[in-house]
Amino acid sequence: MSTMHFDTLVHDELSCEVTRRTDAQFTGILKYRTFETGEFVGPDASSIAQQFWAVCELIDEGGQVRHGIIMMGYHDGTNKGDVLLVDGEVIGDWAMEEHDDLSAFTANGSSEVTLMAPSAWLLHDSIASWVRGAGGEEG
């Protein structure tokens with residue numbers, strides 16, 4: 001499918017390259033510096049812009065975006081919070097144990113820990129793999 005560049009939105013080190021696809025849909029490629037971190041799809045450029053600015057607000061509030069997933073509480077010192085897809089869907093929550101640096105993710109609807117990793121960074125990677133394996137989308 002061919003695309004045509006429409007706009008580039010920028011906020012600090014985040015950017016979103018908005019393109020119009022031949023099927024009349026719009027796509028926004030979310031980037032941190034030069035690294036792709038997610039993708040939005042919408043019916044028009046304003047819907048892409050709304051999604052981008054919503055992600056920017058979450059990042060400004062201490063979230064970390066990678067692999068199309070936002071972990072809230074990552075950069076604000078709380079080391080716990082909601083886990084969202086870049087489209088805003090909350091898929092669970094995460095927390096880092098204070099004394100042993102283990103990080104745990106619990107998916108929505110589960111009463112038990114879904115994933116554990118030795119760091120928040122590696123947990124982010126594990127959540128991305130889990131989302132892909134669950135049939136979700138990762139950007």
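Colleague: In which sense do strand 7 and strand 8 pair?

Modeller: This is a predicted model, where local features need pLDDT of at least 70, side-chain atom pairs count only at pLDDT 80 or more, and totals for chains, interfaces and linings use all residues. Residues are numbered from 1 along each chain as its sequence is written, and side-chain values use heavy atoms, with hydrogens and water left out. Strand 7 (residues 80–85) and strand 8 (residues 90–96) are antiparallel, with five bridges; strands here are DSSP runs of E with at least two residues, helices are runs of H or I with at least four, both numbered from the N terminus, and pairing requires at least two DSSP bridges.

Colleague: What is the bridge partner of K80 in strand 8?

Modeller: K80 is bridged to A95, and in the four residues between these two strands G88 takes a positive phi near 100°.

Colleague: And how many residues lie between strand 8 and strand 9 in their hairpin?

Modeller: There are six, and D101 in that turn has a positive phi of about 60°, while M96 has S103 in strand 9 as its bridge partner.

Colleague: Changing topic, in what order do the four strands of the open sheet come?

Modeller: The order is 1-2-3-4, with antiparallel pairing, and strand 1 (3–11) and strand 4 (35–42) are the edge strands, each pairing on one side only.

Colleague: Which helix packs on that sheet?

Modeller: Helix 1 (residues 45–60) does, touching strand 1, strand 2, strand 3 and strand 4, where contact means heavy atoms within 4.5 Å.

Methods:
Axes are lines fitted to C-alpha atoms, for helices over the stretch in contact, and angles run from 0 to 180 degrees between N-to-C directions.
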